[in-house]
Each structure stands twice: as structure tokens, then as C-alpha cells.
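Q: Please take one part of this model and go through it closely, with the cut-offs behind each term. I would like to follow how that part sits against its surroundings.

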Amino acid sequence: MSDSTSQAYTLEILSETTGVSAQMIVTYQEHGIIRPQYDDETVRALRRIEHLRETCEMNLNGIKLLTQLLDEVEQLRHELRAKR
């Protein structure tokens with residue numbers, strides 16, 4: 001759900017902004033957990049992913065599954081609000 005006003009980031013800036021190593025960001029991208037476009041949505045996703053990883057001690061497969069489910073719930077909520 002990115003928009004045209006979303007800030008674009010380099011890998012280095014994204015790493016500095018989120019505190020996630022560049023290597024880990026690339027790993028998340030390779031596993032399909034984040035998109036290759038580094039923007040504000042990616043910043044939010046990385047913060048959520050790191051929170052899940054730290055608090056729930058999830059592995060990459062668990063993080064991928066849970067983020068997909070959370071994205072689906074968010075999309076369904078958006079659709080429900082649009083119907084009201």
C-alpha cells in the first residue's frame with residue numbers, strides 16, 4: 001500500500017534508519033519477507049519484523065508466515081472499512 005509520496009531509501013540508509021544490518025535486510029528480501037523497494041512501508045515492515053523476532057523469537061519461516069497473515073488481516077480491515 002505504498003503511495004507516490006513514500007520516501008525511497010538506499011540499503012545503507014534503510015539499515016541506519018531501522019537498526020537492522022544490511023545483511024539481514026538482504027536475507028529478509030531473499031526469503032520474500034520484504035519487497036526489494038526500500039520505502040516507508042519497508043521501514044514499518046522491518047520494525048514489525050524485528051519486534052516479532054525479538055519478542056517471539058521466531059525464525060525466518062515463522063516471520064514470513066506471520067507477516068503474510070498480518071498483511072492479509074490489514075487488507076481485510078481496509079476492505080471492510082471501505083464497505084461501510
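A: A residue is called buried when its relative accessible area is under 20%, exposed when it is over 50%, and partly exposed in between, with a 1.4 Å probe and protein chains only. The model is predicted, so local features need pLDDT of at least 70 and side-chain atom pairs count only at pLDDT 80 or more, while totals for chains, interfaces and linings use all residues. Residues are numbered from 1 along each chain as its sequence is written, and side-chain values use heavy atoms, with hydrogens and water left out.

The protein chain has four helices and zero strands, where helices (H or I, at least four residues) and strands (E, at least two) are DSSP runs numbered from the N terminus. Of its 84 residues, 25% count as buried, and the C-alpha trace spans about 40 × 30 × 20 Å along its principal axes.

Helix 2 covers residues 22–30, and within it I25, T27 and Y28 are buried. These residues lie on the same side of helix 2, because they cover an arc of only 160 degrees around the axis, the arc being that of the directions from the helix axis to the C-beta atoms. Q23 and E30, on the other side of helix 2, are exposed. The cover over the buried residues of helix 2 includes helix 1, helix 3 and helix 4 (60–83), contact being defined as heavy atoms within 4.5 Å.

Turning to the partner helix 3, the axes of helix 2 and helix 3 come within 12 Å and cross at roughly 95 degrees; axes are lines fitted to C-alpha atoms, for helices over the stretch in contact, and angles run from 0 to 180 degrees between N-to-C directions. Helix 2 and helix 3 are therefore roughly perpendicular to each other, since angles of 65 to 115 degrees count as roughly perpendicular, those under 35 as roughly parallel, those over 145 as roughly antiparallel and the rest as oblique. M24, I25 and Y28 of helix 2 make this contact with L46, I49, E50 and R53 of helix 3. By class, the residues of this contact are five nonpolar, no polar and two charged, where Ala, Val, Leu, Ile, Met, Phe, Trp, Tyr, Cys and Pro count as nonpolar, Asp, Glu, Lys and Arg as charged, and the others, Gly among them, as polar.

Helix 1 (residues 11–18) also packs on helix 3 (residues 40–56), their axes coming within 10 Å and crossing at roughly 45 degrees, which makes helix 1 oblique to helix 3. L14, T17 and T18 of helix 1 meet T42, V43, L46 and R47 of helix 3, a set of three nonpolar, three polar and one charged residues. T18 counts as buried because its relative accessibility is 17%.

Just after helix 2, G32 takes a positive phi of about 75 degrees. P36 and L11 are 25 residues apart in sequence and 9.7 Å apart in space, C-alpha to C-alpha.
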